[in-house]
Amino acid sequence: MSNLELLDQLRQLSCAEKFQMMQFLIAELAKEEMLKPLDNGAAYRVLSPYDYGDAAQKLMSLLEQEETKENAKC
């Protein structure tokens, strides 16, 4: 079957069938790339810039240093 024939058959699928096909393809790609899928019931740590005042202060310090360098060039 050619790609054009496959695409034509995919276009004829219902929305639910297209969704199932996408899930299948994503799972196949993950297996080929040896990626571990996310578990729906698991908790995952997400890094966030909130409540990281030290990082904000460091960024401000770096920006001020850069501004000082730019002013010194003028």
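Mentor: Let's start with a cut-off: a residue counts as buried under 20% relative accessible area, as exposed over 50%, and as partly exposed in between. Keep in mind that this is a predicted model.

Trainee: Is Phe24 buried, partly exposed or exposed?

Mentor: Phe24 has a relative accessible area of 46%, so it is partly exposed. You will find Phe24 in helix α2, which covers residues 15–32. Together with Met21, Met22, Leu25 and Ile26, Phe24 makes a nonpolar surface patch of about 470 Å².

Trainee: And how does Ala72 read, buried or exposed?

Mentor: Ala72 comes out at 65%, and because the cut-off for exposed is over 50%, Ala72 is exposed. Ala72 sits in helix α3, residues 53–73.

Trainee: Which elements make up the fold, and how spread out is the protein?

Mentor: The protein has 3 helices and 0 strands, in the order α-α-α along the sequence. Its radius of gyration is 25 Å, well over the 11 Å that the globule rule gives for 74 residues, so the protein is more spread out than a compact globule. The C-alpha atoms fill a box of roughly 65 × 40 × 25 Å along the principal axes.

Trainee: How far apart are the C-alpha atoms of Ala72 and Ser14?

Mentor: They are separated by 65 Å, with the two residues 58 apart along the chain.

Key
Residues are numbered from 1 along each chain as its sequence is written. This is a predicted model: local features need pLDDT of at least 70, side-chain atom pairs count only at pLDDT 80 or more; totals for chains, interfaces and linings use all residues. Side-chain values use heavy atoms; hydrogens and water are left out. Helices (H or I, at least four residues) and strands (E, at least two) are DSSP runs, numbered from the N terminus. Buried means under 20% relative accessible area, exposed over 50%, partly exposed in between (1.4 Å probe, protein chains only). Patches are made of residues with over 30% relative accessible area and no salt bridge: like charges are joined within 9 Å, nonpolar side chains (Val, Leu, Ile, Met, Phe, Trp, Tyr) within 5 Å. Accessible areas come from the Shrake-Rupley method with a 1.4 Å probe; for residues, only the protein chains shown count as cover. A salt bridge is a side-chain nitrogen of Lys or Arg within 4 Å of a carboxyl oxygen of Asp or Glu. The radius of gyration is taken over C-alpha atoms; the globule rule is 2.2 Å times the number of residues to the power 0.38.
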